[in-house]
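This report describes how the parts of a protein model meet one another. Please examine the sequence and the structure before reading on.

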Amino acid sequence: MKRVLVSVVLLIFILSILTVPFASSKNVIKIGVDLELSGAVAQYGQKELDGIKLAIDEINKKGGINGKKIELVVMDNKSDKTEAQNVAYKLAVRQNVLAILGPATSGATKSASMAATKYKVPLISPSATDDSVTIDERTNRVKSYVFRTCFNDSFQGNVMANFAIKTLKAKKAAIIYDATSDYSKGLLKNFKAVFEKSGGKVIAEEAFGKGEQDFSSILTKIRDKKPDVIFAPVYYDEAGLIIKQARELGIKVPILGGDGFDDPKVVEKAGKENANNVFFSAHYSSQDTDKKVQNFIKKYKTKYNQEPNAFAALGYDLGYFIADALKRANLKFDSVTKDRERLKIAIENTKNFVGVTGVININKMHNAEKSAVIIELKDGIQMFKQKLNP
Amino acid sequence: MSTLIQQLINGITLGSIYALISLGYTMVYGIIKLINFAHGDIFMVGAYIAFLSVTYLKLGLIPSLLISMIFCSVLGILIEKLAYKPLRNSPRIAALITAIGVSLLLENLMQIIMGADSRVFPRLVAEKNYHLFQGRIVVNNKQIYLLVITVLLMIILNFIVKKTKIGKAMRAVSQDMDAARLMGINVDTTISYTFAIGSALAAAAGVLVGLYYNTINPLMGVLPGLKAFIAAVFGGIGIIPGAMLGGFSLGIIETLVSGYGSSMYKDAVAFALLILILIIKPSGLLGKNIKEKV
């Protein structure tokens with residue numbers, strides 16, 4: 001008797017799980033969002049979500065994809081690698097989404113990509129720049145279901161090393177990096193390789209651990225070695241503190257960084273008078289006079305009442321990017337698995353997609369080939385410095 | 001030479017933070033033999049209270065510091081009454097686990113109320129750098145504030161413990177709770193005072209850290225809390241000068257490790273130090289060996 005009861009309950013349970021997603025997937029296209037909405041790098045995720053929402057709202061208002069509206073299933077991965085994978089799993093299996101947008105950071109994307117590969121769901125990160133995000137490190141093959149719409153760290157490290165050598169005429173560089181971050185280590189490797197190949201010398205490589213606030217002892221050490229530039233491939237929380245503490249110790253040399261510097265919190269933490277002589281590579285600049293960029297800024301300001309940063313722009317592009325792929329994917333809504341496959345092929349074939357952050361071509365490595373800009377901080381204000389093409 | 005002096009200055013700054021937090025640790029341990037793991041989180045709450053009073057009430061440094069200290073002393077008393085008092089006669093492990101629970105409660109509560117991302121602490125004092133010896137040594141006015149306020153609070157604390165009636169009661173309770181009760185000392189009130197003073201010191205440390213690094217987040221108390229615990233054990237847990245000595249030594253040792261070795265080792269060295277002191281002299285640097293009476 002008991003066994004029968006248990007099996008009936010189990011059967012009902014299984015059926016309810018199976019029927020729920022199918023019932024709702026008839027009239028809408030479900031797209032999952034796996035982003036850092038709280039935790040250490042919450043700024044990136046929140047801004048990207050703002051961008052994605054703005055784009056999807058516009059698309060839905062214009063009639064959606066072939067009459068079907070896009071529905072976002074948003075989940076927070078708490079800036080945590082393990083949680084990012086759990087969220088990706090939930091989105092793929094429980095919510096039966098067609099694709100997953102996010103996560104924002106490299107480490108989280110790498111662990112979420114395991115779930116994406118396993119359940120064959122296309123996953124597109126708007127801002128994970130680490131080289132190995134789209135490549136399986138063990139087999140050196142491209143992960144079939146993982147994509148990104150931003151440039152990668154080889155390109156970014158290259159750009160910053162060349163900038164240090166050619167524009168700043170630097171010969172000796174000191175590096176401060178977060179030894180617990182994939183992003184930081186990846187960027188360090190690429191910067192160092194290019195900088196040393198071009199005749200420069202890395203005179204100090206200082207690691208710190210997650211959540212570090214006190215950089216004064218590292219910076220004192222670096223100050224004695226008299227570098228021409230300091231390269232700090234870190235996220236905004238540390239970036240602001242490093243700039244502030246370096247300037248307070250009397251270090252005046254240029255401080256370089258990657259796209260992790262692109263957040264107003266860097267200047268807030270460093271202080272306006274300290275945020276000088278700071279250069280970083282970014283995905284876009286709000287000072288770009290391009291009509292598409294200015295148009296986006298206007299729309300974003302009307303909706304959120306604040307200036308968009310690069311992450312908002314990346315999110316916005318990702319919204320249109322997925323819509324573009326969905327339109328071309330020739331979805332049949334017969335089964336989620338087959339539609340995911342169709343969508344994946346459509347994403348792979350994306351060519352000359354014009355976004356706010358540049359023209360995106362998806363290459364064989366599932367990376368976006370697009371340009372980068374270099375931004376300078378002058379008294380805390382972002383100045384557009386150079387635009388560099390791949 | 002100038003590098004060493006600069007590193008020592010960095011170390012003393014870090015050390016004064018540890019010292020302030022570990023004073024509260026050591027007081028609570030001295031009185032009721034409880035390792036209050038929630039102490040580091042009271043430090044965090046203190047920073048947030050000051051943040052709120054600065055941003056919303058537009059108050060200056062000293063008023064916000066006082067508000068935060070008062071709020072946290074009330075919080076400390078409340079925590080003691082609600083979480084630790086009912087367990088006072090239970091095995092010590094029960095109180096220890098409760099302390100960890102309170103710690104997690106405070107961390108997560110703050111994440112719900114204020115959000116999990118870090119916030120920029122407003123600048124309350126104009127920053128000034130003093131360059132000595134042709135700019136080879138830099139001292140920041142906030143470092144001086146940090147040291148002066150720490151030393152000042154320690155002197156006040158020492159005065160309270162040594163010279164006042166409540167201090168006398170504290171010392172009596174720490175020696176023998178039952179005997180103190182028989183002598184007419186109100187043990188509950190004394191313990192409440194201890195928590196109030198300890199939490200107020202932690203709050204002060206939180207505000208000063210917010211001011212110095214201008215960054216606060218709901219998990220900022222975890223590591224300094226652990227470090228302050230190490231500092232307290234290092235100097236001799238339950239001994240107030242020991243907490244100061246432990247705090248400053250730990251701060252200086254950590255800075256020297258990251259200044260001459262690698263920043264990645266400094267936490268490892270701190271914990272290695274804890275293990276070493278427990279093996280060599282478990283009562284701490286200033287601790288006396290007390291013989292168990294048979």
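The side chains of A:K192 and A:E205 meet in a salt bridge, with 2.8 Å from N to O. A salt bridge here is a side-chain nitrogen of Lys or Arg within 4 Å of a carboxyl oxygen of Asp or Glu. A:K192 lies in helix α6 (residues 182–197) of chain A and A:E205 in strand β7 of chain A, so the pair ties together parts that are 13 residues apart in sequence. Helices (H or I, at least four residues) and strands (E, at least two) are DSSP runs, numbered from the N terminus. Over all chains, the structure holds 25 salt bridges.

The model is predicted: local features need pLDDT of at least 70, side-chain atom pairs count only at pLDDT 80 or more, and totals for chains, interfaces and linings use all residues. Residues are numbered from 1 along each chain as its sequence is written, chains are lettered from A and ligands numbered from 1 in the order in which they are written, and side-chain values use heavy atoms, with hydrogens and water left out.

**The two domains of chain A**

The domain assignment, which is automatic or from a database, divides chain A into domain 1 (2–150 + 291–370) and domain 2 (153–282). Their centres, taken over C-alpha atoms, are separated by 31 Å. Domain 1 of chain A gives 18 residues to the contact and domain 2 of chain A gives 18 residues, where contact means heavy atoms within 4.5 Å. The two domains bury about 1400 Å² between them, 41% of it on carbon and sulfur atoms. Buried area is the accessible area (1.4 Å probe) that two parts lose on being put together, summed over both. Of the area that domain 1 of chain A buries against domain 2 of chain A, 34% is supplied by A:Q43, A:Y44 and A:T129, more than by any other three residues.

One salt bridge is counted between these domains. The side chains of A:K110 and A:D182 also meet in a salt bridge, at 3.5 Å from N to O.

**The contact between the chains**

Chain A contributes 34 residues and chain B 33 residues to their contact. On the chain A side, A:Q213, A:S217 and A:E248 lose the most area to chain B, together 21% of what that side buries. One salt bridge joins A:E273 to B:R123, the closest N and O atoms being 2.9 Å apart. Elements that give two or more residues to the side of chain A that touches chain B are α2 (42–61), β7 (201–208), α7 (216–225), α8 (236–248) and α9 (264–270) of chain A. The largest share, seven residues, comes from α7(A). By class, that side has eight nonpolar, 13 polar and 13 charged residues. Ala, Val, Leu, Ile, Met, Phe, Trp, Tyr, Cys and Pro count as nonpolar, Asp, Glu, Lys and Arg as charged, and the others, Gly among them, as polar.

The table lists values for the contact between the chains.

| Parts | Item | Value |
|---|---|---|
| Chain A and chain B | Buried area | about 2500 Å² |
| Chain A and chain B | Salt bridges | three salt bridges |
| Chain A and chain B | Polar contacts (both at pLDDT 80 or more) | 17 residue pairs |

A polar contact is a pair of N or O atoms within 3.5 Å; within protein, one must be able to donate a hydrogen and the other to accept it, and residues adjacent in sequence count only if both atoms are side-chain atoms.
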